[in-house]
Each structure stands twice: as structure tokens, then as C-alpha cells.
Amino acid sequence: MTTTEGISIPGVSVGGPGAGAADRTQRRTTAAPRPVTALWQRPAVRAAAVDTIAVVAAVLDVWLMWQIFPADVVIEPYSVVLSAVSCAALLARRWLPFTALVITVPGFFAGWAQLAAMIALGYLATRKQTHWQVWVGAGLIWLCRFVLWPLPDFIAMTWQEHALDAIYGVIVAGMPVAIGLLIGARTELSARLTELAASRDRERRLHAQAVRAEERARLAREMHDVVSHDITLIAMQASALSVTRDGDDMQRTARTIRQLSTNTLEELRSLVGVLRSGALEEGPRHDLADLDELVRSTEVPVTLDADRVPGELPPQVSAAAYRTVQECLTNVRKHAPGATALVRLAGEPDGLVVEVRNDRPTRGQGSSLPSGGYGLTGLAERARLLGGTFETGPTDDGGFRVRARYPVTG
């Protein structure tokens with residue numbers, strides 16, 4: 001006796017009690033790993049790195065300025081302290097940008113923390129854009145660059161040196177503001193573009209849903225128009241065949257059922273071909289030229305008044321008028337047995353009126369065939385899509401009336 005425990009066959013789970021757990025373990029190990037976000041792409045890491053770089057650059061600027069002083073020049077301790085405080089204040093610029101800028105001002109005025117003050121001003125401009133705090137901060141930085149400390153040295157300068165310091169002050173204060181405004185505008189533009197892309201995606205999805213809904217409605221109308229009339233006649237002929245005793249009547253009814261089934265099958269085959277090709281407008285379409293044949297085959301007493309129909313009609317209007325008459329006669333055959341129908345088609349200067357009415361049924365309450373009520377709904381949708389109107393309602397004599405108007409211009 002040969003056992004298969006422990007044998008692994010591709011596509012087949014064979015083994016003892018531990019085979020399921022082993023298989024689950026193997027699936028877990030072979031599953032694709034979840035993507036891991038790169039360290040630099042994490043916002044906290046990037047913010048910490050930027051803050052570190054800003055502080056290091058400010059400290060390096062202070063140290064280099066300190067090194068270029070001659071050895072015989074006395075350096076005041078408060079200048080070193082204020083410069084260090086200015087560099088440390090950059091750590092608070094994300095939460096208190098204006099306060100951080102104000103703290104850097106003494107280090108720039110009485111020390112060497114020029115770069116720290118410029119970085120604080122640039123970040124303030126990025127966050128606040130054209131807020132009053134930005135302009136106040138720019139004025140303070142300009143004053144720090146224009147006024148020389150100690151004040152006796154500033155007073156002893158010539159007017160040419162004052163003019164030069166004023167120009168440099170505009171550059172030192174204006175450059176961070178310009179860069180901050182540019183970065184803020186770029187960030188806002190990026191947010192707007194992201195919002196616009198999301199809005200376009202929503203509109204695209206809504207449009208796709210609307211298109212699918214419209215296509216489903218069109219397909220439902222086409223399927224109903226193609227098969228409802230003939231299938232109804234087939235069902236009624238089969239019902240009549242079940243109670244027929246005469247052989248000639250049975251053969252005639254059977255031939256009618258065969259012919260209707262063949263017509264329905266051909267129309268369904270044509271519709272399926274259209275659905276595969278995607279050209280619904282090229283599907284099986286009748287028009288008013290087939291109206292006489294429809295009236296002859298409907299087995300409903302019909303009075304046709306179509307003397308005032310225009311000779312040239314748009315194909316969509318002609319097809320819609322035919323489908324209106326077809327659906328109404330089918331409903332008379334199903335729901336008003338024994339009733340007579342009046343079909344009237346009249347041309348107007350800018351439209352075609354199709355009216356179908358029937359009187360009170362004379363035999364029972366109608367057939368027991370199922371009805372979803374989608375026929376009249378489809379006719380109303382056709383009229384609406386063509387820019388026309390569609391009305392239905394009972395008549396005073398106990399019958400029913402359908403009136404549709406389709407424009408023939410525009």
C-alpha cells in the first residue's frame with residue numbers, strides 16, 4: 001500500500017494534518033512584501049534634516065565671521081551670546097515664525113547672525129506670504145543691515161557708505177522675501193493642481209457612470225423594442241394553439257409561431273452583432289415604411305390614419321414613430337383584448353405627432369403575460385432624447401391614449 005503523505009503536487013493539497021499550516025506558511029513567505037516608504041520621504045525626517053541644515057549653516061556663518069576679525073579687536077561677549085541665540089531660534093521657526101525672526105534680530109544687529117535672520121525671514125514669507133508680519137520682519141532686517149553697531153561707528157560713516165548699506169539692506173531683506181513668496185506660490189499652485197486633478201477624476205468617474213447608465217437604458221430600449229412585440233405574439237399564438245382542435249388552425253398557428261420566432265431570432269442575432277461591434281446606431285431598425293406590415297400582423301383591429309405624414313423624416317424620428325405604434329399595439333393586444341385601436345400620424349410644420357388610442361376591452365381583463373411596464377418608459381425616453389414630448393392617460397370611454405410628438409427640424 002502506497003501512501004501520499006508529505007508529497008507536494010502542484011495545484012493539489014495532499015498531506016497530513018500539518019500540510020494546511022505549512023501551505024499557509026509558504027503562501028505568507030512568498031507573498032509580495034508591502035512597499036516600505038523611504039526614510040527621506042517621511043515628513044518628520046525631512047523636517048528634522050532641513051532644520052539641522054539651517055542651524056548648521058547659521059552657526060557656520062557666525063563662526064566664519066568671528067574668524068575674520070583681527071586679533072587686536074576686542075569681541076564683546078554679548079555679541080557671541082546674541083549670535084548663538086539667533087542660531088538656536090531657528091529651531092522654533094516652524095511653530096512661531098514671527099517670534100523666531102524677532103529673536104534673530106539682536107544677533108544680526110549686534111552680532112554676526114545675518115544668515116540666521118535671513119533664513120527666519122524667508123520661512124516667515126513662505127508661511128505668511130503677504131501678511132503684515134512679513135513686511136515688518138523685512139523692515140527689521142533692512143535696519144539691521146543698514147545701521148552699524150556700535151552707533152558711533154555708524155555716525156562716522158560717509159553718505160556714500162550709507163547709500164551702499166541701504167542698497168545692500170534691500171538685497172538682504174528682499175531676497176528671502178522673494179524666495180519665500182516664490183516657494184509659497186509654488187506650494188499653493190501644487191495644491192490647486194492636485195485639487196483640480198482630483199476634481200477631474202471625480203468628474204470623469206461621474207461621466208463614466210452617466211455614460212454607462214445611458215448605455216444600459218439604450219440597450220434596454222433596443223432589447224425591449226426588438227423582442228417584446230414578437231415574443232408577445234408568440235406567447236399568445238401558443239396559448240391559442242393549446243386550445244385549438246382543428247388541424248388546419250393548428251398548422252396555421254404553428255406556422256405563425258415559427259415565422260415570429262424566426263424574425264425574433266434574426267433581430268436578436270443582429271442586435272448581438274451590433275453590441276459586439278459597439279455601433280448601436282447600426283442595429284436592427286424599422287421605420288414608418290414598415291408600418292403597414294406591422295398593422296397587418298398585429299391581430300388587432302386597427303384604423304390607420306397616416307395621410308398627412310411628411311415624405312422625408314429623419315431616420316431617428318421615423319424609427320421612434322414606428323416603435324411607438326408597435327409598443328402601443330402590443331399593449332392593446334396584451335391588456336385590452338377585443339378592443340379596436342386608432343393609429344393617427346399627422347405632420348406639423350416642425351414636428352410629427354403619433355397618437356394611438358383604443359376603446360374599452362370587450363373580452364376579460366387582458367392576458368396573464370408578465371409586464372414590467374418598461375415599454376412606455378422607453379418610449380418616453382426616446383421622445384425626450386429627440387427633444388419631443390410624450391403623454392399617456394385613460395380616455396372617457398374606458399380606453400387608453402398615447403400621444404407622442406417628435407421634432408423634425410433642428
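## Close-up views of a predicted model

**View 1. The β-α-β unit and its sheet.** Strand 1, helix 11 and strand 2 make a left-handed β-α-β unit, where a crossover counts as right-handed if, with the strands pointing away from the viewer, the path from the first strand over the helix to the second runs clockwise. This is a predicted model in which local features need pLDDT of at least 70 and side-chain atom pairs count only at pLDDT 80 or more, whereas totals for chains, interfaces and linings use all residues. Residues are numbered from 1 along each chain as its sequence is written, and side-chain values use heavy atoms, with hydrogens and water left out. Helices (H or I, at least four residues) and strands (E, at least two) are DSSP runs numbered from the N terminus, and the protein has 12 helices and 5 strands.

**View 2. Strand 1 beside strand 2.** Strand 1 and strand 2 (residues 341–348) run parallel and are joined by 5 bridges. Val302 stands opposite Ala341 in strand 2, and Arg308 has Ala346 of strand 2 as its bridge partner.

**View 3. Aromatic pairs.** The structure holds 5 aromatic pairs, for which rings of Phe, Tyr and Trp (its six-membered ring) must have their centres within 6.5 Å, with planes under 30 degrees apart counted as stacked, over 60 as edge-to-face and the rest as tilted. The rings of Phe109 and Trp149 have centres 5.4 Å apart and planes at 55°, so this pair is tilted. Because Phe109 belongs to helix 4 (residues 97–109) and Trp149 to the loop between helix 6 (132–146) and helix 7 (151–155), the pair ties together parts that are 40 residues apart in sequence. Phe109 counts as partly exposed at 27% relative accessibility, as does Trp149 at 36%; buried means under 20% relative accessible area, exposed over 50%, and partly exposed in between (1.4 Å probe, protein chains only). Phe146 and Phe154 form an edge-to-face pair, 5.6 Å centre to centre with 75° between the planes, and both of these residues are buried. Trp142, Phe146 and Phe154 form one aromatic cluster.

**View 4. A charge over a ring.** The charged end of Arg93 sits over the ring of Tyr123, 4.7 Å from its centre, the criterion being that NZ of Lys or CZ of Arg is within 6 Å of the ring centre and within 35 degrees of the ring normal.

View 5. Thr104 is found in helix 4 and is buried, with a relative accessible area of 0%. Leaving aside neighbours within four places in sequence, Thr104 is in contact (heavy atoms within 4.5 Å) with Ser86, Ala89, Ala116, Ala117 and Ala120. In the protein, buried residues make up 31% of the 410 residues.

How values were computed
Pairing = 2+ DSSP bridges.
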